[in-house]
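I opened the model to look up a few local features. My entries follow in the order in which I made them.

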Amino acid sequence: MDALNTVAGTAPPLQASRVRSGRRIADKMLIGASTLATLVGILVLGSILGMLIIEGVKGFSPLLFTEPTPGPGSEGGGIANAILGSLVMTFLGIVVATPVGVMAGTFLAEYGRNSKLADLVRFLNDILLSAPSILIGLFVYTLMVRPMGSYSGWAGAVALAIIATPVIVRTTEDMLRLVPSTLREAGAALGAPPSKVITAITWRGASAGIVTGIILALARIAGETAPLLFTALNNNSWFSPNLMGGVPNLPVMIYQFALSPYPNWQQLAWAGALLITVTILALSIVARFVIKSERAR
């Protein structure tokens, strides 16, 4: 009977008694180690989030979103100017990075494919994707801040755009490659040029994935501190419309206020850290929702 089952392709299940005791012990040890590592990770992350929520909620008040950051040793105040500065620079950075990233990803997926130029672009994109953000800050500092003779929000936006671009490039290329080639062939059969096929068919088919990549890039740059230390720095007052001089922003404000000896500044740093964490969490949830809705279609 066993021989017939084997020939038919339905071998009988392996009995537990036939498995060597050493392998069963090793399997249980691996399961135990994996479970323990998972619990340790959850404990650490839960402790960080718990402390952040407990300390950050104490600083939340209406003044937090309406008043600028106070001076050294001052009481009260808020982080309205830092929030606005972060929003402006993040918006400018993502506006610059989105068209560049989408077009570069389109070239890699549609035009370049396996060309040597595409391989070079992918290699450089991987380097940018894994490059420390502080190096990008130093690069923009040398490129813009020193020649201009002043810190500026424009330099901060450029640094954030450089960080966001490789994320969008990689996501766009991967999403476009998932579009079935039969859709491109159908468009070509109707006489549509490649540009029309890309804009009307492949972009539309991969739109949810591309939007997800943009949201993930937005979440990536929302909390970057190192590049802004070398480009936008910080300011305790409202910034000028030309974005020249130090521009207030949440990441650098949190870094500076957390290291200060003033309890009021430290409390504002906790509140700002909680605000950034909630924002990034919300963006990640939106990205997952977009991916889920796309799979459901």
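I started with Glu224, which I found in the loop between helix H9 (207-222) and helix H10 (226-231). Helices here are DSSP runs of H or I with at least four residues, and strands are runs of E with at least two, numbered from the N terminus. The model is predicted, so local features need pLDDT of at least 70 and side-chain atom pairs count only at pLDDT 80 or more, while totals for chains, interfaces and linings use all residues. Residues are numbered from 1 along each chain as its sequence is written, and side-chain values use heavy atoms, with hydrogens and water left out.

Is Glu224 buried or exposed? Its relative accessibility is 12%, so I noted Glu224 as buried (under 20% relative accessible area; exposed is over 50%, partly exposed in between, with a 1.4 Å probe and protein chains only). The side chain of Glu224 makes a polar contact with the side chain of Arg220, at 3.4 Å. A polar contact is a pair of N or O atoms within 3.5 Å; within protein, one must be able to donate a hydrogen and the other to accept it, and residues adjacent in sequence count only if both atoms are side-chain atoms. Leaving out residues up to four places away in sequence, I listed Ser133, Leu160, Ile163 and Pro251 as touching Glu224 (contact means heavy atoms within 4.5 Å).

Next I went to Thr98, in helix H3 (residues 80-112). The Thr98 side chain reaches the backbone oxygen of Ile94 at 2.6 Å. Apart from neighbours within four places in sequence, Thr98 is in contact with Ile168 and Ile214.

I then checked how H3 packs on helix H6 (residues 153-177): the angle is about 30 degrees and the axes are 6 Å apart. Axes are lines fitted to C-alpha atoms, for helices over the stretch in contact, and angles run from 0 to 180 degrees between N-to-C directions. I recorded the crossing of H3 and H6 as right-handed, meaning that the near helix is turned clockwise from the far one by less than a right angle, anticlockwise being left-handed. By class, the contact of H3 with H6 has 18 nonpolar, 10 polar and three charged residues (nonpolar: Ala, Val, Leu, Ile, Met, Phe, Trp, Tyr, Cys and Pro; charged: Asp, Glu, Lys and Arg; polar: the others, Gly among them).

I looked for positive phi next. Most residues other than glycine have a negative phi. Arg113 has phi near 50 degrees; Arg113 lies in the loop between H3 and helix H4 (116-130) and is partly exposed at 31%. Leu233 has a positive phi of about 55 degrees, sits in the loop between H10 and helix H11 (250-258) and is partly exposed at 28%.

Last, I looked up aromatic pairs: rings of Phe, Tyr and Trp (its six-membered ring) with centres within 6.5 Å, stacked if the planes are under 30 degrees apart, edge-to-face if over 60, otherwise tilted. The count is four. Phe257 and Trp265 have ring centres 4.1 Å apart and planes at 10 degrees, so I noted the pair as stacked. For Tyr262 and Trp265 the centres are 5.4 Å apart and the planes at 75 degrees, so that pair is edge-to-face. Phe257, Tyr262 and Trp265 form one aromatic cluster. Phe257 is buried at 1%, Trp265 is buried at 10%, and Tyr262 is partly exposed at 32%.
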